[in-house]
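Hi,

Here's the structure I promised to pass on.

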Amino acid sequence: MNHCIVIGQPNVGKTLLSFRLAKLCGMKSVFVIKELLRDVPTEQVIIVNEAVQTLVNGCEHSTVGVQTIGIGMSQTMGQPVVLYDTVGLSEDAMMNIHHRHGMTRTLQLFISCDLVFHVVDASTLHDDKLHSIDEQIYSLAKSRKVPYVLIMNKMDLLSTKRQRRLEGMLRRYKAVFISAKYDQGVSPLKHVLERTNMVNYSYAAWMRGN
Ligand SMILES: Nc1nc2c(ncn2[C@@H]2O[C@H](COP(=O)(O)OP(=O)(O)OP(=O)(O)O)[C@@H](O)[C@H]2O)c(=O)[nH]1
Ligand SMILES: [Mg+2]
């Protein structure tokens, strides 16, 4: 089983990207486990197209507990994948206990996952540099030496000139630009998921002596 975390600040498009990836992996419906403080986790089958449409339409959908999305095994995957759609990391002191618990859980998963998809809202970058929360996510992923992709989402909101400028500024991060809303640039991320999965699968088989 391969564990991929989708992490970032609130409202950057983590949930929409998670369902876009599930769809690209051929899933029509997914098994989702939702965690909320002190509650027994709830299990739900979600129709992927419906979830995508709801999120594209911009309906209010703040993720307050980690959602574990199961992606079944396919020919290209080699082994099942678990996507963690996480709670937006924020320094907002006013957030409620559910959100704080969700952030703690997100950090627990971050230090044990096999692959990090770090999502940033490209349309809200100030001073042409990453927010300190994003710098911290980047540094922690690098120190863990875990496969990592910096994803600049909402590129549909950028002018071509602005995107070129950001691409230059973020060169050292090897950032990829996508629009989860318009399904642009997402399929290379599916290939990263597949590749990481295959590498880990082969390594596990080698460890078992197969
Ligand atoms: N323009 C544009 N809007 C997007 C894009 N991706 C997501 N959104 C919008 O951004 C909002 C938040 O999307 P979510 O997927 O819920 O974001 P999130 O990071 O999961 O948010 P939290 O769970 O609150 O942390 C929704 O209104 C989406 O429609 C994009 O590529 N372009
Ligand atoms: Mg969300």
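Lys-154 sits in the loop that links β7 (148-153) to α5 (160-169); helices (H or I, at least four residues) and strands (E, at least two) are DSSP runs, numbered from the N terminus. Its phi is positive, near 65°, though Lys-154 is a residue other than glycine. Lys-154 also counts as buried because 21 other C-beta atoms lie within 10 Å (buried takes 20 or more such neighbours, exposed 12 or fewer, partly exposed is in between, with C-beta atoms placed from the backbone).

Keep in mind that this is a predicted model, where local features need pLDDT of at least 70 and side-chain atom pairs pLDDT 80 or more, while totals for chains, interfaces and linings use all residues. Residues are numbered from 1 along each chain as its sequence is written, and chains are lettered from A and ligands numbered from 1 in the order in which they are written.

Asn-11 isn't a glycine either, and has a positive phi of about 65°. You'll find Asn-11 in the loop between β1 (2-8) and α1. With 15 other C-beta atoms within 10 Å, Asn-11 is partly exposed.

Now the ligand. Ligand 1 has 21 residues around it, the closest being Gly-13, Thr-15, Thr-63, Gly-88 and Lys-181 (a residue is near if its C-beta atom, placed from the backbone, lies within 6 Å).

Cheers
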